[in-house]
Amino acid sequence: ILLLIVFGWKQERFAKKVERPMHVIIITLAISVSVVPLAFQTYNPFCGGCRVTTIKDTCSTSKDEDNLCIVRGNETLVFVIDDIIISVVILIALIFCTVAMV
């Protein structure tokens with residue numbers, strides 16, 4: 001709306017320059033963030049639903065019963081998706097909202 005009002009863009013120009021690339025980025029990000037955990041079996045039950053997390057259980061090969069081994073999931077992928085990607089998306093949304101209101 002900022003581009004339409006302040007810079008006098010027509011809706012057709014906005015659709016070509018901004019809307020199409022925006023939808024491509026959103027769809028690509030959503031599909032990649034949802035399909036990658038499926039490939040690595042990282043969707044697991046968590047608090048009544050499914051979440052990108054690991055399932056840990058006691059190690060059968062360890063002498064220490066306190067050690068936990070990952071039964072299902074990938075800790076690196078959980079870190080990348082939960083901490084990095086989600087944080088970056090939230091930061092970008094905050095920056096966009098702040099700039100759009102100025």
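A nonpolar core is a set of buried Ala, Val, Leu, Ile, Met, Phe, Trp, Tyr and Cys residues joined through side-chain atoms within 4.5 Å. Buried means under 20% relative accessible area, exposed means over 50%, and partly exposed lies in between (1.4 Å probe, protein chains only). The structure shown is a predicted model, in which local features need pLDDT of at least 70 and side-chain atom pairs count only at pLDDT 80 or more, while totals for chains, interfaces and linings use all residues. Residues are numbered from 1 along each chain as its sequence is written, and side-chain values use heavy atoms, with hydrogens and water left out.

**View 1. The protein chain holds three helices and four strands.** Helices (H or I, at least four residues) and strands (E, at least two) are DSSP runs, numbered from the N terminus. Read from the N terminus, the order of elements is α-α-β-β-β-β-α. The chain has 102 residues, of which 13% count as buried. A contact means heavy atoms within 4.5 Å; among contacts in the chain with a separation of 6 or more, 32% are between residues 24 or more positions apart. The accessible surface, computed by the Shrake-Rupley method with a 1.4 Å probe (for residues, only the protein chains shown count as cover), comes to about 8300 Å², and 67% of this area belongs to carbon and sulfur atoms.

**View 2. Val33, Val52, Leu77, Val78 and Ile81 form the largest nonpolar core.** Helix H3 (residues 75-101) gives the most to this core, with three residues. Leaving aside residues up to four places away in sequence, Val33 touches Tyr43, Ile81 and Ile85.

View 3. Ile85 belongs to helix H3 and is partly exposed, because its relative accessible area is 25%. Its contacts, not counting residues up to four places away in sequence, are Val33 and Val80. Val36 is part of helix H2 (residues 11-39) and counts as partly exposed because its relative accessibility is 32%.

**View 4. Phe79, Val80, Ile84, Val88 and Ile92 make a nonpolar surface patch of about 410 Å².** Patches are made of residues with over 30% relative accessible area and no salt bridge; like charges are joined within 9 Å, and nonpolar side chains (Val, Leu, Ile, Met, Phe, Trp, Tyr) within 5 Å. A salt bridge is a side-chain nitrogen of Lys or Arg within 4 Å of a carboxyl oxygen of Asp or Glu. Ile84, one of the patch residues, lies in helix H3 and counts as partly exposed because its relative accessibility is 39%.

**View 5. Strands E1 (residues 43-46) and E2 (residues 49-52) run antiparallel and are joined by four bridges.** Two strands pair if DSSP finds at least two bridges between them. Asn44 has Arg51 in E2 as its bridge partner, and Pro45 stands opposite Cys50 in E2. Two residues lie between the strands of this hairpin, where Cys47 takes a positive phi near 55 degrees.

**View 6. Thr54 occupies the loop between E2 and strand E3 (55-58).** Thr54 counts as buried because its relative accessibility is 18%. Not counting residues up to four places away in sequence, Thr54 touches Asn44, Ile70, Arg72, Gly73, Asn74, Glu75 and Val78.
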